[in-house]
Amino acid sequence: VYACMPTLASQWLIDKDNGNAVKSYSSSNTSWSKRVTPFDEGAMKKLEGLYWDFTKRSCVRGIVFGDDLFLSKYEDFSKDAQRAYYNKFRRSLDVGIYRSRSKTKDFEEWKAEYLMKLTDRLMAKSQVFKPTAVSIRDIYADAVMSGDPGDFAQDYKDAVDRYDAVA
């Protein structure tokens, strides 16, 4: 049994004021689904608890990280993402990053790596009770075909190296 587990689509983790929801830099570039920002450490700790609890009580052999694990090229501008971005790059996160290809590329690669590190954390919790559990990552076809993590913060080449399988 392989469990397709939620990640950012865990809407139960989103605050009532939507303060920790994924945000686009403009309302015209919002994504098709409401998701919790991966940069909210408190929400991610709760998500880790879900994985820990689930694997403790199940017969699962692996975790499938589904298609909710993405950030579009215009996301995430939430307060938590802005804080994390500043801590990493020592500059503010605003729409101005799109005026510089190198800053845009830094932003896209940083988001892709951040999402992969989140899955590392979730697998570590899952493997407490299922040490041989495998990880499978669902990647959008555009990310596979382009080889560019930009549109969805998904890096196919790195995913092939990091996960047991990529779908």
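This is a predicted model: local features need pLDDT of at least 70, side-chain atom pairs count only at pLDDT 80 or more; totals for chains, interfaces and linings use all residues.
**Helix packing and a nonpolar surface patch**

Helix H4 (141-146) and helix H5 (156-162) each supply at least two residues of a nonpolar patch, which lies on the surface of this structure.

**The nonpolar patch**
- The patch is formed by Val 144, Met 145, Tyr 156 and Val 160, and these residues together have about 370 Å² of accessible area.
- One of its members, Val 160, lies in helix H5 and has a relative accessible area of 42%.
- Val 160 is classed as partly exposed because its relative accessible area is 42%, and that class covers values between the 20% limit for buried and the 50% limit for exposed.

**Helix H1 against helix H3**
- Two packed helices are described by the angle between their axes and the distance between the axes.
- For helix H1 (residues 41-56) and helix H3 (residues 101-126), the axes come within 8 Å and cross at roughly 35°, and the crossing in which H1 passes H3 is right-handed.
- On the H1 side, the residues that meet H3 are Glu 41, Met 44, Lys 45, Leu 47, Glu 48, Tyr 51, Trp 52 and Thr 55, while on the H3 side their counterparts are Leu 118, Arg 121, Leu 122, Lys 125 and Ser 126.

**Gly 49**
- Gly 49 lies in helix H1 and, with a relative accessible area of 32%, is partly exposed.
- Gly 49 and Lys 73 are separated by 24 residues in sequence, and their C-alpha atoms are 29 Å apart in space.

Technical notes. Residues are numbered from 1 along each chain as its sequence is written. Side-chain values use heavy atoms; hydrogens and water are left out. Patches are made of residues with over 30% relative accessible area and no salt bridge: like charges are joined within 9 Å, nonpolar side chains (Val, Leu, Ile, Met, Phe, Trp, Tyr) within 5 Å. Accessible areas come from the Shrake-Rupley method with a 1.4 Å probe; for residues, only the protein chains shown count as cover. A salt bridge is a side-chain nitrogen of Lys or Arg within 4 Å of a carboxyl oxygen of Asp or Glu. Helices (H or I, at least four residues) and strands (E, at least two) are DSSP runs, numbered from the N terminus. Buried means under 20% relative accessible area, exposed over 50%, partly exposed in between (1.4 Å probe, protein chains only). Axes are lines fitted to C-alpha atoms, for helices over the stretch in contact, and angles run from 0 to 180 degrees between N-to-C directions. A crossing is left-handed if the near helix is turned anticlockwise from the far one by less than a right angle, and right-handed if clockwise. Contact means heavy atoms within 4.5 Å.
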